[in-house]
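Dear colleague,

My notes on it follow directly after.

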Amino acid sequence: MGQRSTYRYTNEKLSNAIYHLTIGEGNIKQRLLSVRMIFFTFSENSFPEFLRNDWMKLKKTMTSGLELKNGEGVVQMDSIQGYLYGRKKRTLSKHVSKLVQIQQQLRDYLED
């Protein structure tokens, strides 16, 4: 898959995530949990050079929580769940705004 195809795929998945964040059920934490796989799915190579730093900062923040495992080593709470626990809605709204900004810049890049 070429870079442009990779970026289109990333844009499509981010667009879908943003759709669910805006119209999904539940509060901001519940909606972020419903789309959290995007933070595990995409690497810096999923984005053009000019967006990589922004994406990696957001991803690092969102996945910085503690991961809890049971006695058998099975994950009971992933790092995003750990991060979201106890965070204020205002903080999480800023993360969603950053995600929207990244997706819009990627979309604009693909339209050029």
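Predicted model: local features only at pLDDT ≥ 70, side-chain atom pairs only at ≥ 80, totals over all residues.

Residues are numbered from 1 along each chain as its sequence is written, and side-chain values use heavy atoms, with hydrogens and water left out.

Helix H4 covers residues 49–62 (helices are DSSP runs of H or I, at least four residues, numbered from the N terminus). Its 14 residues reach 21 Å from first C-alpha to last, close to the 20 Å expected at 1.5 Å a residue; the expected span is 1.5 Å times one less than the number of residues. Among the buried residues of H4 are Trp 55 and Leu 58 (buried means under 20% relative accessible area, with a 1.4 Å probe and protein chains only). The cover over the buried residues of H4 includes helices H1, H2, H3, H5 and H6.

Val 96 belongs to helix H6, residues 89–111. Val 96 counts as buried because its relative accessibility is 14%. Beyond its neighbours within four places in sequence, Val 96 is in contact (heavy atoms within 4.5 Å) with Leu 21, Ile 28 and Leu 32. The C-alpha atoms of Val 96 and Leu 58 are separated by 9.6 Å.

Arg 31 is located in helix H2. Arg 31 is buried, and its side chain reaches the backbone oxygen of Gly 26 at 3.0 Å.

With kind regards

Notes. Helix = DSSP H or I, 4+ residues; strand = E, 2+ residues; numbered from the N terminus. Buried < 20%, exposed > 50% of the residue type's maximum accessible area, 1.4 Å probe, protein only. Lys, Arg positive; Asp, Glu negative; His and termini not counted. Salt bridge = Lys/Arg side-chain N within 4 Å of Asp/Glu carboxyl O. Polar contact = N/O pair within 3.5 Å; in protein donor to acceptor, adjacent residues only side chain to side chain.
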